[in-house]
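Hi,

Here is the structure I said I would pass on.

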Amino acid sequence: MRENFYRCPDCHEEWAEPWECEVDEDCAHCGTRRITPYKSLPMREGFTFDT
Ligand SMILES: [Zn+2]
């Protein structure tokens with residue numbers, strides 16, 4: 001698993017999601033489509049997301 005970090009170019013919302021690889025996501029705040037992660041890290045063992 002990877003830990004992907006996103007930042008919306010339109011509303012500047014930031015979030016992170018676990019994925020098998022680097023994938024584009026839609027902004028849940030303003031709906032901007034296909035945002036590419038600006039950072040992707042290998043998932044740390046036992047890591048959990050707060051949200
Ligand atoms: Zn947005």
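Below is what turned up, starting with the metal site.

One thing to keep in mind throughout: this is a predicted model.

**The zinc site**

The zinc ion is held by the SG atoms of Cys 8, Cys 11, Cys 27 and Cys 30, which lie 2.3 Å from it. Along the chain these donors are spaced as C-x2-C-x15-C-x2-C. If you look at where they sit, Cys 8 is in the loop between β1 (2-7) and β2, while Cys 30 is in the loop between β2 and β3 (39-42), so this pair ties together parts of the chain that are 22 residues apart in sequence. As for the geometry, the angles between the four donor atoms run from 105 to 115 degrees, which makes the arrangement tetrahedral. For reference, the ideal angle for four tetrahedral donors is 109.5 degrees.

**Aromatic rings**

There is one aromatic pair in the structure. It is made by Tyr 6 and Trp 15, whose ring centres are 5.2 Å apart and whose planes meet at 15 degrees, so the pair counts as stacked. The cut-off behind that word is a plane angle under 30 degrees. Both partners, Tyr 6 and Trp 15, are buried.

Arg 7 lies over the face of Tyr 38, at 4.2 Å from the ring centre. Lys 39 does likewise with Phe 5, at 4.6 Å from the centre of that ring.

**A proline in a strand**

Last, have a look at Pro 18, which is part of strand β2 (residues 14-19). Pro 18 is partly exposed, with a relative accessible area of 28%. Which distance separates the C-alpha atoms of Pro 18 and Leu 41? The answer is 9.6 Å, for two residues that are 23 apart along the chain.

Cheers

Methods. Residues are numbered from 1 along each chain as its sequence is written. This is a predicted model: local features need pLDDT of at least 70, side-chain atom pairs count only at pLDDT 80 or more; totals for chains, interfaces and linings use all residues. Side-chain values use heavy atoms; hydrogens and water are left out. Rings of Phe, Tyr and Trp (its six-membered ring) pair if their centres lie within 6.5 Å; planes under 30 degrees apart count as stacked, over 60 as edge-to-face and the rest as tilted. Buried means under 20% relative accessible area, exposed over 50%, partly exposed in between (1.4 Å probe, protein chains only). A charge sits over a ring if NZ of Lys or CZ of Arg is within 6 Å of the ring centre and within 35 degrees of the ring normal. Helices (H or I, at least four residues) and strands (E, at least two) are DSSP runs, numbered from the N terminus. Donors are N, O and S atoms within 2.8 Å of the metal (3.2 Å for Na, K and Ca); water is not among the atoms, so sites may look incomplete. Four donors count as tetrahedral if all angles lie between 85 and 135 degrees; four count as square planar and six as octahedral if opposite donors are over 155 degrees apart and all others between 65 and 115; anything else is irregular.
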